[in-house]
Structures are given as C-alpha cells and as structure tokens.
Amino acid sequence: MARPVTHAHTALVLIDLQRWIVDRPWRPVGGAAVADACGRLREHFAAADSALVVLVRHVRADGADGGLAAAANRPVPGFAVRADEYAVVKHGLDAFEGTGLHEGLRRAAVMEVVLAGLATAYGVEATAATAVRLGYEVTVVPDASASESDAQHHEALDRLVALGVRVRTVDSLVGS
C-alpha cells in the first residue's frame, strides 16, 4: 500500500501550464487533459490549509519570447496565481535552478513535493531529480503530466522511480 501524502509540509508544484506549452501535442494524454488533472490536484491541495501550491512558468531569459506578458506565455485559463500561492518563473527545465524555489519551500517548512504538469521528460523530470538531490520526498503524478510520446513519458517515470520518486495517480491523491 502506498504511503499517504500528508498535506502538512507538502507542496504541489504545477509546471508549465501556459498556452504555448499546453497546446502542443502530448502523450499519453493531451495538454488539456493534463491541465484538467492539474486543476483537480490544485483544488484538492488548496483546500488543505497546510499545503502550499506552487505554479511554475517558463520564459526565455533573453526575453525573445515576449516575457511573462506575452499571450503564449500566459497561464491557461484557470491557472492564474492566487493570493495564497507561490509563483516561480524559470528559464530552463528545472524549477529549482536559479529561481529561489528551494528557499521558498524551506521557509514554508516543506519536506515533500508533488509534481505535475508539462512535460514529464523535461520540466517535471528535471525538477523531480533536483528535489530528490535536495532531500525532499517526491511524488510525480503520471496522469497529470505527459510528454512527446508514450515511450518518452514512461521512460522518464522509470528513471524517476529509480531515483526513489513515488508515482501516484490523481485519484489516489485526491480520492475518486
């Protein structure tokens, strides 16, 4: 039986739910399905007073993509940052690299991170691997993430499991 994720000292980290990324072709489910699953997770974790929700967005460091205000870089509908959430802007794959995410999680006494979003083999995997190295307990939600192919998605999950990352479905985390 899987160890339950407790909301005390836990952060839900949702990665790259912005228009240009969500609209790309993803597998095993499409970007809209990933966003819907992430929305379910967000509502569940937001309802737990002791959980932190972190929304991560990618923009190019050189501003060539128009920056945060560019239409393509805006979050998909329903994913604007709420007052009680933590926003992170990253310039590479890893949400920890150069962002202050680790410091923010430590200030909030977070010991466990639950990761979902796009893409499994890119931002999710890079962030999960760093989280493991930093000493967090890490869970990745496979039905709230996707990659460029089924094989790439499953291979990334296998690599993460080999690092000690737990893999849990949305339903197992929020209840059906």
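**Sheet and a buried threonine**

Student: What does the side chain of threonine 139 make a polar contact with?
Tutor: Its partner is the side chain of arginine 166, at 3.2 Å; a polar contact is a pair of N or O atoms within 3.5 Å, one able to donate a hydrogen and the other to accept it, and residues adjacent in sequence count only if both atoms are side-chain atoms. This is a predicted model, in which local features need pLDDT of at least 70 and side-chain atom pairs pLDDT 80 or more, while totals for chains, interfaces and linings use all residues. Residues are numbered from 1 along each chain as its sequence is written, and side-chain values use heavy atoms, without hydrogens and water.

Student: Is threonine 139 buried or exposed?
Tutor: Threonine 139 counts as buried because its relative accessibility is 0% (buried is under 20% relative accessible area, exposed over 50%, partly exposed in between, with a 1.4 Å probe and protein chains only).

Student: Where is threonine 139 found?
Tutor: Threonine 139 belongs to strand 5, residues 137-146; strands are DSSP runs of E, at least two residues, numbered from the N terminus.

Student: Which residue is its bridge partner, threonine 139 being in strand 5?
Tutor: The bridge partner is valine 114. Strands 4 and 5 pair in the parallel sense over 6 bridges, where pairing requires that DSSP finds at least two bridges between two strands.

Student: What is the strand order of the whole sheet?
Tutor: The open sheet has 6 strands in the order 3-2-1-4-5-6, with parallel pairing. Strand 3 (86-90) and strand 6 (166-167) each have a single partner strand, so one side of each lacks a neighbour in the sheet.

Key
Helices (H or I, at least four residues) and strands (E, at least two) are DSSP runs, numbered from the N terminus.
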